[in-house]
Amino acid sequence: MNRRQILAGSAAGIAAMATGLAAPALAQSEPIKIGYLPALTGPSSSTGIGMTRGTELAVAAINSSGGINGRPIELIIRDTQSDPTKAVNAVAELTQRQRASLIWGPLNSGEALAATPLVARNGVPMVHPCWVDELIDVKKYPMSFRNAPTNTQVGGGANHYVVDVLKLKKVAVISDTTGYGTASVNTYVPMLRAKGAEVVYSNHVDAANPDLRPELMRMRAAGAEVIMPWSVNAGFLSRILNTRGAMGWDVPVVGQTTLGSGQTRALLEKPEFWNRVYSNNFRNCCYANGQLPASAAEFVTRLKGARVEFNDTLLWWVANGWDAMFIIAEALKAAGTKAQDVVNHFQRVNRRPGVFGTISWTADQHNGFLDSEVVMCEVNSLRDGAFNLAPGY
Amino acid sequence: MSGVASSQRKLMTSLPWLALGLVALLLPLFDDAYVGVIAQRAFIYWILSAGLNLLVGFAGQIAIGWVPMLTLGAYTTAVLTAGTVTEEWNAYLALAAGGVVGAVFGVIIGLPALRLRTFYFAMTTLGFTTITTQVALAWKSVTGGGVGTPGPVFPWPFEPGWGFYYLCLLLAAVATWMTANVGASRFGRALIALRDAEVAAEASGIAKPRLLVLIFLLAGALGGVAGGLFASLQSYITPDAFSFEMSVLFFIAILIGGRGSILGPALGTIILTALPEFAAPLVQWSTFLYAALLLLIVLIIPGGIAALLDFSNRRPLPQHREILPQPSLLRAVLGRQQAPQQLDLRGIELHFGGVRAIDGIDVSIKGGEVHGLIGPNGSGKTTTLNVISGYYRPTAGTLSLDGGALAAEAPPLRAAHRIARTFQTPRLIGDVSVLENVMIGGTLDGRASFVESLLTLPRHRADEVTLRAAGLQALAAVGLDALAEVRADRLQHSELRFMEIARALMLRPAFLLLDEPAAGLSAEEIRRLGALIKAISREGVAVLLVEHHADLIFDICDHVTVLNLGKVLAAGTPAEIRSHREVVSAYLGA
Amino acid sequence: MLESIVSYGLAIGAVYALIGITYNVMYSASRVFSFTAGMLGMLGGVLGAVFISRLGLNAAVALVLVLACGAVIGMVTEVLTVRPVLKSIEQHLYVLSTLAFALMVQQVTAIEFGTEAQPFPVLVPIESGWLDQKFWLPLLACAVTIVGLELLYRRTLIGRAFLAIAEDSYAARALGLPETRLRLACYAIAGVIGALAGFTGAQMLLAYFGNQAILNFYGFVPVALGGMGSNRGAVVGGLALGLFQQAAAVMFGGLHAAIAVFVVFIVVLLLRPEGLAGAVSGRRV
């Protein structure tokens, strides 16, 4: 049993309070605490499970090669259970009681929206991969950084593919009613219009709604040539694909990465319903002519060596967790654990290559992902958690 | 006699609160913000649960989905403070507005409960929970839809952190104080009476709709205020923060705590808020565990935590207790009687479909007399009593009091006419004391308004003193004063019969309708009951006695009416009835 | 558009009607409104998916097994949550006990089966003609149930005993009818009907633990509007509700449909608490 597991129990909670009160000087070998807020259970947990594999693997790799200037990383995991309420409690615990030097996560926008202002209030640096644009605001949250694309970039990639590559003009945009889903539609519809496309249908639908046929019929009646769904809910996405298949409606589906997840595939009525489906992905984690880029290929080999499962996750999730932990470790190594020093270091990260993507941050830009690395892929080409680039790239 | 006992009881009930308050006040000294957040959450949840407790624990309304009030309060406060829709409001004013919105919707959702059966109301709250979340998702221009909206930040003196902690603590204390005041008032007792013995409550003049509307207002307002605080604690609210699981948590916390208690549900709320933080591996199963706990509580300890903490009711009661009525006290109990009144039934008929339950009877009941009503089973005795009490609308005939017509089908209005009654099966509230059961009967005499009770203003305190004294006196008159503080469900059957009479006496009745009061009593007890009834009538009360015990009837009645198949078979003095041939052959069997 | 409203609306309405009948059968036997009605519907779908998709059983065998499970769970409901609280029915403790049991079953389902809605296999191996089987199966189940109940009540001795209990349980007991055993049988029948609703409706509703709450509410609406205890009311109300809901969903979107149903429910109950076709309940003294 390791320290983290003990901390989950109540006895250690009291022990931790005692040490907190005593506030001993940090010894040279004292672990550096990093708070981590994945959703490991609940409806939006598949991302969290994938990223946790990469994160834990990175922590093990860093610690086995000497840690941070001799100090090991102690990853304190608090499952947010896809519930903002739990995320708020966990932020208080990680920042105040555990005195974590840095927070990695939350990984879902719903929880990040609640957690970010609280982390900012406590003056702890934070890295998260959530796409909602509002989550990065240098004035409101000066210590918060994003190691992933924004919604605008992700939608821009999909819109670019629909309008410029597939040359389709009449678009149906649909999302579930989560924060992520609604925010996406609200952002993308004007973007599509600005690119000259005609949005003939846009709506938010409860993800639990069993019957999406009326929605798809309204799309078809409106003359849609392509469906763009925005949701992280595999059940919802699979129902769109199943309904499209059952209606015999042969339009492409272009949208969220979860379209290509193993969970979505498992819920399809027929395997061929996965044809003509293109999901977001990231250039570094896609096969071009059957080959992954060198860094990703090496990473996959490493993952296979560590017996990390690929059946139910995506390469980019694992890679994102891995990259995040290394960026954090590099900052702590170079700048120490003082919050402002870490932030200053982050703001000088420039074109740092990663397995997942290239990150650059500056003093007034805490979004760090390159537009050019956001691509679309063919979901029916899933192999080892990665996909072929969509035709046209 | 009761001065020492009552101050001791007060100390016993306030001790746990003092301990909780002390812990809450000392907590900031540890300066552990994590514990602070959990405590703030517990306070906020309790503010909602305190109001909900009156609804669920006291009134017995199955409000499974009360989270919409939290949602409404949270969005109202957040949106008004953010200034996206209106001018930017002061956060404290916005919090008050959240309370108002909660109160309004509390009543709207409560309306069906005034007329509908329990389960319908449960379904209404369930449906409303879903709708509220969906509206919050859809109404993007105001709520921000699924993206949500930032919560309010309270300015000085309750800034985020420990300042906000004190605000939550303060409001939780106020909510506790107010709901405890209501709970201990005649309104609280009336709610419990509606829950466990609705018929007896109606007979005591308790009007369910009016009372429930007040409780819905209060519970909604507290839910709304809790919502405003919740929005601030969360710092950012999205519709998915207001889950159905949360609703279940509040509801179950109250039932685990114990119905009709304030302390129990408060402890229940604290435990259920804090438990998931310390038992992380169990979190996945938490709903299952709560539900299992609920099932256990319902089946095994319906009294919940409060019953487990109720040590005074574990002491064994003396065996072989005797009920020794003191008729000499009746004058004080009944007060100065007005001139004897008269109730007349003329040609009353009542048909159920094709069955003529009552088929044209004439009865007059006069003050100062005991009027016996006898007859075989199904002859219409209890039905006649129910017509007088206003439960049935007669198909034909008139009912008049001193010559004025009496409205049909209006049981709660009977008490105002000083018509009191007891029931064939005693209607009691099992988990409150005998004294409180009896005080129900005096509900109509309280003068303090609901708000006065809420704030324990002087008139409310005077009411309580008067009612308590009157209740003790009534219990002494029927011979149960030694059992005043005992939980009613621990009484023997015969004692319950006398308790019902004491409750009826609290109304200072002009008419007293007794439905088989001697059933299940020993011969000696019947003799004492007879003397008591006789003494009551001698104070000017008109007594209508439905009985099977012929001896008792002939002993104490001034006038006897014999019913058979819904018709009057014979009427007259006991002596005349005794010699009535048909009666003797048909009924007395001698 | 119209075709979608009618086919889906009637089919989902038949599922609601069957859940309504499940409520009714339990209510007639015991005067108890049970939260387990929606749970039975949810289990019908989930267990069907487990038996067919995971265990690879034949659809007919799976149906029999699902119905048997429904009967057993119905009886467990009676023994565990109804019988112990019947003597104090005035306190409505059955609302709490059945709710607790339903929540427990739902949570176990969520953990063991998963929180994701799973597709339900095609039951009848035929090409879908003008009307897909997911639409006619619930309607067929509803018709079979109605006819079956009618035959049971009118033609068999045990059925008449059920009716006697429903009319007046006191008198029935006085006649020497074994009330407890009859009540148990009624709960078993309710279990079968609820499970059948879930099983035949699962191609539309999917096998999903969250269907419990949806079916609890939408199955209750027709009985509340049609009058508690009236199966005819439940069928008419259920089909009407399905059509109304689907029409609103197609024309204005799912959210507005949910709000519309809720508003109609509240307004009708405020105006006519006993339901549109129900009779006023008797006195309690």
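**View 1. A:Tyr278 stands opposite A:Glu378 in strand E12 of chain A.** This is a predicted model, where local features need pLDDT of at least 70, side-chain atom pairs count only at pLDDT 80 or more, and totals for chains, interfaces and linings use all residues. Residues are numbered from 1 along each chain as its sequence is written, while chains are lettered from A and ligands numbered from 1 in the order in which they are written. Strand E10 (residues 277-282) of chain A is joined to E12(A) by five bridges, and the two run antiparallel. Strands pair here if DSSP finds at least two bridges between them. Helices (H or I, at least four residues) and strands (E, at least two) are DSSP runs, numbered from the N terminus. E12(A) covers residues 374-383 and is mostly covered, with seven of its ten residues buried. Buried means that 20 or more other C-beta atoms lie within 10 Å of a residue's own; 12 or fewer make it exposed, anything in between partly exposed, with C-beta atoms placed from the backbone.

**View 2. E12(A) and E13(A) form a hairpin.** Two residues lie between the strands. A:Asp384 sits in the turn and has a positive phi of about 55°. E13(A) spans residues 386-389 and pairs with E12(A) in the antiparallel sense over three bridges. A:Arg383 stands opposite A:Ala386 in E13(A).

**View 3. Strand E8 (residues 226-230) of chain A has five of its five residues buried.** A:Val226, A:Met228 and A:Trp230 point one way from E8(A). A:Ile227 and A:Pro229 point the other way. In a regular strand the side chains alternate between the two faces of the sheet. Strand E6 (residues 170-176) of chain A runs parallel to E8(A), joined by five bridges. In this pair, A:Ser175 stands opposite A:Trp230.

**View 4. Five strands of chain A make an open sheet with parallel pairing.** The order is E2-E1-E3-E4-E5. Strand E2 (73-77) and strand E5 (144-146) of chain A are the edge strands, each pairing on one side only. From one strand to the next, the twist averages 25°. Strand E1 (residues 32-36) of chain A pairs with E2(A) in the parallel sense over five bridges. A:Ile34 stands opposite A:Leu75 in E2(A). H5(A) lies across strand E3 (102-104), strand E4 (126-128) and E5 of chain A. Its direction is about 165° to E4(A). Axes are lines fitted to C-alpha atoms, for helices over the stretch in contact, and angles run from 0 to 180 degrees between N-to-C directions.

**View 5. Domain 1 of chain A touches domain 2 of chain A.** The assignment gives domain 1 (3-149 + 301-371) and domain 2 (152-288 + 375-389). Such bounds come from an automatic or database domain assignment. Taken over C-alpha atoms, the domain centres are separated by 30 Å. The contact takes 25 residues from domain 1 and 22 residues from domain 2. Two residues are in contact if their C-beta atoms, placed from the backbone, lie within 7 Å. On the domain 1 side, helix H3 (46-64), helix H5 (109-121) and helix H12 (315-335) of chain A give two or more residues each. H12(A) provides the largest share, four residues. By class, this side has 14 nonpolar, eight polar and three charged residues. Ala, Val, Leu, Ile, Met, Phe, Trp, Tyr, Cys and Pro count as nonpolar, Asp, Glu, Lys and Arg as charged, and the others, Gly among them, as polar.

**View 6. Helices H1 (residues 2-30) and H9 (residues 211-226) of chain C cross at roughly 75°.** Their axes come within 8 Å. H1(C) and H9(C) are therefore roughly perpendicular to each other. Angles of 65 to 115 degrees count as roughly perpendicular, under 35 as roughly parallel, over 145 as roughly antiparallel and the rest as oblique. Contact residues include C:Tyr16, C:Gly20 and C:Tyr23 of H1(C), and C:Leu215, C:Phe220 and C:Val223 of H9(C). By class, the contact has nine nonpolar, four polar and no charged residues.

**View 7. Chain C is in contact with chain B.** The contact joins 33 residues of chain C to 36 residues of chain B. Helix H4 (93-113), H9 and helix H11 (254-271) of chain C each supply at least two residues. H4(C) gives the most, with twelve residues. The chain C side divides into 27 nonpolar, four polar and two charged residues.
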